[in-house]
Amino acid sequence: MPRFTTVALVAGAALLVRRAVRSRMTTAPLWPMPALDEPVSGYGRGSTVPRKALVTSRGAPADGVVELRLEGRALPAWQPGAHIDLVLPSGLVRQYSLCGDPADPTAYTVATRLIETGQGGRGGSREVHEQLHEGVEIEIRGPRNRFPLVDSPAYVFVAGGIGITPVLPMLRAAEAAGADWRLVYCGRSRATMPYLAEIEALGRPGGRVTVVAEDESGRPDLGFLADVPAWTPVYCCGPDGLMDAVTEAMPEGVAPRMERFSAAATTGGTAFEVELRRSGRTVRVAADQSVLAAVHEEVPGLMYSCRQGFCGTCRQRVLEGEIDHRDELLTDAERDGSMLICVSRCAGKRLVLDL
Ligand code: FES
């Protein structure tokens, strides 16, 4: 039996025994999961309530990465995997994973890597790097959590570069809970990998962390994923290439839990037409294109943010046509006559939008 499997089974049994003993003593959860004082997800619900936060410190946890401590009053509690929206001075809205301490009710911590426009950046990270200094007040929304850490006696984490930010609080929580965990942490070079020293220290006792710096050892060997028991959750966050590689390396029928930072890929789509009623124009949406991408060419000022169907910014009124809703955000009532055009599509040949 592979070493990880053995270790995970032993640790799992030990943890279950500890949990059984503890359940007779207290109703406390495995690790603190404070009640939220407002809903954590949903367009038009609590998560979109804006609040002010002050940048009180700024650090550099790796080359090209800025870390911000954002202090505010009555900040909602959060759990590992959560992110917040930052409303940047220009009005751009960007999502950043919380990577600080969930037990600290006075501040959120986020980190962002500078991504140049020519490398896929859309201006948000540059604004964070150039304009968010100590003393700047910023509007935030959230937190929301689409990447929650489930209760388990063992975990596998695979993170690439800035994708470590949602994973870091998960590692701390897993370690605090006495769970067996393993991390493969990849990056272009050690200097570009945020929080590397803390993570190596955290994983040193059990040899839990494998660092794969591409300039030293090339791409990660993910073959071990085929031996991970199906009940062990595998979390992955990082570049699309890494997440695709992790998905491929998993045993058949077992999916990793992932959070993407880029726009959701359009899969299983067919082409259709979208009429923009107020503009008097019609656009063709290709099978592999989002409505947002097609319409944006005609309506450049269109509002959008996450491009993954969870912020609600791109919601548009639908006047005619059958909608193929692909988000998990809108309620049934909201779905009646509106859609999130970054992910949802047409179930037929034609939609009419109130644009
Ligand atoms: S852009 Fe966020 S839901 Fe569409």
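1. Strand 2 and strand 5 (residues 107-113) run antiparallel and are joined by 7 bridges. Strands pair here if DSSP finds at least two bridges between them; strands (E, at least two residues) and helices (H or I, at least four) are DSSP runs, numbered from the N terminus. Across this pairing, E71 stands opposite A107 of strand 5.

2. This is a predicted model, in which local features need pLDDT of at least 70 and side-chain atom pairs count only at pLDDT 80 or more, while totals for chains, interfaces and linings use all residues. Residues are numbered from 1 along each chain as its sequence is written, and side-chain values use heavy atoms, with hydrogens and water left out.

3. Strand 2 (residues 65-71) also pairs with strand 1 (residues 51-62), again in the antiparallel sense, over 6 bridges. G59 is placed opposite E67 of strand 2. The hairpin of strand 1 and strand 2 has 2 residues between the strands, and G64 takes a positive phi near 75° there.

4. An open sheet is formed by 5 strands with mixed pairing, in the order 13-12-18-14-16. Its edge strands, each pairing on one side only, are strand 13 (281-285) and strand 16 (338-340). From one strand to the next, the twist averages 40°; axes are lines fitted to C-alpha atoms (for helices, over the stretch in contact), and angles run from 0 to 180 degrees between N-to-C directions.

5. Which residue of strand 16 is the bridge partner of R317? The partner is S338. Strand 14 (residues 315-320) and strand 16 run antiparallel, with 3 bridges joining them.
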